[in-house]
Amino acid sequence: MSRDDQFDESFLQRLEYLYLVSQKMANRRLRANRDSEIAGSGMEFADHREYSPGDDFRNIDWKLYARTEKLFLKLFEEEQDLYIYFLLDCSRSMHLGESSKWWYAKRVVAALSYIGLSNLDRVGIIPFADKPLGRFPPTRGRNQIFRVFEFLENLEPGEATGLEPSLRTFVSQTNRKGMAVVLSDFFDPDGYRDALDQLRYHKFDPVVIQVYDRRELDPSVTGDIELVDAETGDTQTMTVTPRLIRQYRERFEAFSDKLEAYCKKHQMLSFRTPVQEAFDDLILRVFRAGGFVD
Amino acid sequence: MQFIGASLQTVLIVAGLAAAVITAFYLLKLRRRRVEVPFHGLWAEVLADQRSERDLWRRLRRLLSWLIQIALIALLGFALLDPRPPGEAIEGRHVLLLIDRSASMGATDVTGETTRFEAARRRARDVLETIGADDRVMLATFDRQVSPKTTFVSDPSLVSEPLSQLAVTDTGTDYQALADFIGDTLRGRSEPHAIVFSDGAGAPTDGDPLASLPDGISLHHFDVGADGGNAAITAFNARRYPSNKLDYELYAEVRSTFEQPVEVDLQLIADGREVDTKRLELPPGGEVRRFFPSQAVSGTRLEAHLEVVTADAIDGSPRDNRAFAVLPEVESPQILLVTDGNLYLEGALLLNPNTDIETVAPDDWRPELADGADIVIFDGTSPPAPESVDALYLAPTGDTSPWTIRGETEAPVIDSIDRNHPLMRWVHFRDLNIGVASRIIPGPADRAVVSGPAGPLLVARERDNRQLAALAFDPAASDLPLRVAFPMLMFNVVDWMALGDARYEAPRETGETWSVRLDDPTASEASVSPPDGDDYTTPLTDRIAYVRGLDTGFYSLATPNVQHDLAANLGDVREVDITPHKLGPDVSDDDDTSVLFERRKYWQWALILAGLLMALEWWSYHRRWTV
């Protein structure tokens, strides 16, 4: 499949399948779990649901009762909408080589966006590099998915990675709290902790998806080389040997484990996925972890 | 160390340039491949841990690769110089290889080879392997004479082919000729070396000709063979009896060089059939001669084969255990008797079983009747002698006889007899009574065989390849017919005129040049069939063919009209003693390996080492040790 038609019909079919799976998983949970934690009186009418004993009878829609002689509650926007923000790393490190991480992350964003839109959540996309590089404003409804695709297809790559400044800018510009899904390789010279802390401190619900390419852990070149950082341009002369590659692999594992441990420590969902893994499998893992199926 | 390849200056210049280029390449090689990574921070962390232990190795690695390349250039330059050990003499040698192919070299007392000659050939090939580019080598053989097989050539392969075609002969050895040849060939040449491959058998004990070669010539003797005994046939003859040409006797001489008495079997073979075997006992270092009479076996080609039967005596040279002899064919001469009848004469002639006699009356005589006859006997008639026919005249008279007759002599007496003449073999004229004899005036070609005061009574004439004889008196007018001498005289006339000395064909000696008469006036060349079967032709000079035979056995010479068989036996009996002797000056280098010009080719090892280095470089490159 070429890069140009990554959001083609077969992709949509797969998204539909994932949505059905998510629905199956969601039906197993209590509907009350879906209640927003944000209490408030939203004014915008969103939907109806049947009255259950214990519900606030002030929200009973009496006009509908007159018509149907059944009790229904009015649901207001504030109570139902979940804002899902996808923070997509567009830095050069994501575009290295065949840009496999970049394309993979976009497919994941598209898939999760579809799930969210199908669940009538509000989905927004914020690409970033060293700062936010635009915004797809939160939108709702399944039919918006094509706008999502279009937005993703037109994204341009950025330069260096700046997680902290990007996320700090994001939280300062976003009033509506919600789920913040960060898709990145997290290769930031300044680290990721401050960035993720920004989300936590501002009451966002961070979800971390670390994307990596297995080929980066097993380079084909050996011998004397000059290493060049794709984002900073820093160089390093070295001699690649099998032993060195082994050590690098161990170092990467340690790095990823630290990220995972940090997320776990702060009750953040985290996923680590190689681009070689089918994005469907990642989505299902997300579902099993409880994300997007509340 | 000495260098005989490219000049040192050239190699140094070329190697220096190559090293400079290699070094420049290595300096340029510092440009590394650029590899982009998403985040070099992790790499930096890994490298930080290894920095201290990798710096030195990294520098050494680069140096190692450069050193291997420099070492390769050095080895290639070393190989180009073609280094040799200091003591090795390599410049412009003239090497003369001399192979002994005399009869003693056919001895089989060498281990690993069939004969001494094969051992010598193998050693000669070993020497050829060491011939260098600047050397010149020549091949010659020697036996009774020295025969060069090549000129001085620089390519040993031009010598290998003739060397392979050499064969041992049945001739003796002339060491003086060998020494003369060495001196003449190598005098004045640079670095002359004469290498003699010989057993030295038969070398003169009173002064070795090879001990005093011209100055500067190095003589090396590769001796072959071991001390041991040998038995050989040194003489073998056969001859027909004069009185019975169908019968013959044999003579054999056998010699031994064993230190103990040995018994041998001497087998006699006629025309390929075994006819007899005689057991002989040979004393230590001695010889035995035997006559074997009355063989009375048909055959013209006779052979004698010798075999040592004593258990612990090993015959060192079986090649001299064969000898050959030829009996000339016996022909029945045709005699035309011109007579009115003479019983005494006819009876005497008939006593010879080897003759065919025809009689014709004098009145019926015509010269054409002599065609087909070998001898014409005129009894009581004296016509002119027929052309190309031998003739005997009994009591010639008149002017038509071939002799000049001047009267007669009454009761002549005999006072002179030429006993050496073949007509007089076993003939005695003691107290011969003769009634009357013609007085023959002998001519310039006449020889008086029997004479008296009044003149010759028996005259013989040989001229223009014809024999004529005249008995001056009529036998019937004497008591000669009553004597044994009369038929004996007739025998002798037939022998002398028709059979010649067909009793005996002496074997020829190998190594000699034989002159063989072939009476064929129409032939200008003759074909020669030697024992080895390789026939060839030789020109005739005055009907004589000149042949040099090297091998014992039967030879056959033939023209379209004439054939002559002969036998050849060992010409030099000194070859029977096969005891090896050292030739040349008494030198201390008895070690044969010192004679071989061993070539230590260091350049080959240098190239091998260079190849190994290249393999190491390739392997280390692909392992990314040095890049």
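The following exercises, each with a worked solution, concern the two chains of a predicted model and the contact between them.

Residues are numbered from 1 along each chain as its sequence is written, and chains are lettered from A in the order in which they are written. Because the model is predicted, local features need pLDDT of at least 70 and side-chain atom pairs count only at pLDDT 80 or more, while totals for chains, interfaces and linings use all residues, and side-chain values use heavy atoms, with hydrogens and water left out.

**Exercise 1. Describe each chain by its secondary structure and its buried share.**

Begin with the elements, where helices (H or I, at least four residues) and strands (E, at least two) are DSSP runs numbered from the N terminus. Chain A has nine helices and ten strands, whereas chain B has eight helices and 32 strands. Next take burial, which is defined as under 20% relative accessible area with a 1.4 Å probe, protein chains only. In chain A, 52% of the 294 residues are buried, and in chain B the buried residues are 50% of 627.

**Exercise 2. Determine how many residues each chain gives to the contact, and what area is buried.**

With contact taken as heavy atoms within 4.5 Å, chain A contributes 32 residues and chain B contributes 24. The buried area (accessible area, 1.4 Å probe, that two parts lose on being put together, summed over both) is about 3,000 Å², and carbon and sulfur atoms give 59% of it. On the side of chain A, D224(A), Y248(A) and R251(A) supply 22% of the area that this chain buries against chain B, more than any other three residues.

**Exercise 3. Work out how strand 8 of chain A is joined to chain B.**

Two strands pair if DSSP finds at least two bridges between them. Strand 8 of chain A pairs with strand 2 (residues 33-37) of chain B in the parallel sense, over five bridges. At the residue level, L227(A) has V35(B), in strand 2 of chain B, as its bridge partner.
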